[in-house]
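Please look through the structure shown here from its overall fold down to single residues. The walk below keeps to that order.

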Amino acid sequence: MLLLIQMVTEYCTKADEINLAAQSLLRYVCDILREYNSRSYYLVLQAKAISNKTGLKKITCTNLVLSLRALQLLLWIVPYIQTHFSSKYYCYNSFLFVTIL
């Protein structure tokens with residue numbers, strides 16, 4: 001989770017440095033967040049993390065709570081990301097962000 005937040009922060013920083021690339025960077029951020037969400041769903045809720053490779057024999061309440069808290073953190077961060085990128089381009093910024101997410 002910390003690596004994901006670090007990646008999103010780096011994309012936001014690069015959007016500050018390179019205004020022309022802000023739209024592309026926003027798409028990449030949305031792709032990363034969407035991928036994290038789908039992988040969390042796949043591994044935890046569909047119980048695909050249970051295998052000999054991972055060492056998990058069952059999905060416990062702790063696993064569910066950790067996944068929930070991580071996704072709640074992402075939901076808390078998303079408006080800040082939206083505000084950050086909306087200052088980078090003006091035309092259809094909120095529509096684009098809602099469409100991508």
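Predicted model: local features only at pLDDT ≥ 70, side-chain atom pairs only at ≥ 80, totals over all residues.

Residues are numbered from 1 along each chain as its sequence is written, and side-chain values use heavy atoms, with hydrogens and water left out.

The secondary structure of the chain consists of four helices and zero strands, where helices (H or I, at least four residues) and strands (E, at least two) are DSSP runs, numbered from the N terminus. Read along the sequence, this gives the pattern α-α-α-α. Of the 101 residues, 28% count as buried, a term that stands for under 20% relative accessible area, with exposed meaning over 50% and partly exposed the range in between (1.4 Å probe, protein chains only). The accessible surface of the chain comes to about 7200 Å², and 62% of that area belongs to carbon and sulfur atoms; such areas come from the Shrake-Rupley method with a 1.4 Å probe, and for residues only the protein chains shown count as cover. Among the contacts in the chain with a separation of 6 or more, 63% are between residues 24 or more positions apart, a contact being heavy atoms within 4.5 Å.

An α-helix has 3.6 residues a turn, so residues three or four places apart point the same way. After α2 comes Ala 47, whose phi is positive, near 60°.

What is the largest nonpolar core made of, and which residues have the most contacts inside it? It has 16 residues, and those with the most contacts inside it are Leu 4, Val 8, Ala 15, Val 29, Leu 33, Ile 81 and Phe 85; a nonpolar core is a set of buried Ala, Val, Leu, Ile, Met, Phe, Trp, Tyr and Cys residues joined through side-chain atoms within 4.5 Å. The elements that give two or more residues to this core are α1, α2 and α3 (61-86), and α2 gives the most, with seven residues. In soluble globular proteins, nonpolar side chains tend to be buried together.

Val 29, which lies in helix α2, counts as buried because its relative accessibility is 0%. Leaving aside residues up to four places away in sequence, Val 29 touches Val 8, Tyr 11, Ile 81 and Phe 85. The C-alpha atoms of Val 29 and Ile 81 are separated by 9.0 Å, although the two residues are 52 residues apart along the chain. Leu 25 and Ala 15 are ten residues apart in sequence and 6.6 Å apart in space, C-alpha to C-alpha. From helix α3, Val 78 is buried at 18% relative accessibility, and its C-alpha atom is separated by 9.2 Å from that of Leu 33, 45 residues apart along the chain.

A polar atom of the side chain of Ser 40 lies 2.9 Å from the backbone oxygen of Tyr 36. Not counting residues up to four places away in sequence, Ser 40 touches Leu 45, Ser 67 and Leu 71.

The structure also holds two aromatic pairs. One of them, formed by Tyr 11 and Tyr 28, is tilted, with 6.2 Å centre to centre and 45° between the planes; rings of Phe, Tyr and Trp (its six-membered ring) pair if their centres lie within 6.5 Å, and planes under 30 degrees apart count as stacked, over 60 as edge-to-face and the rest as tilted. Tyr 11 lies in helix α1 (residues 2-17) and Tyr 28 in helix α2 (residues 22-45), so the pair ties together parts that are 17 residues apart in sequence. Tyr 11 is partly exposed at 24% relative accessibility, and Tyr 28 is partly exposed with a relative accessible area of 45%.

Terms used:
Polar contact = N/O pair within 3.5 Å; in protein donor to acceptor, adjacent residues only side chain to side chain.
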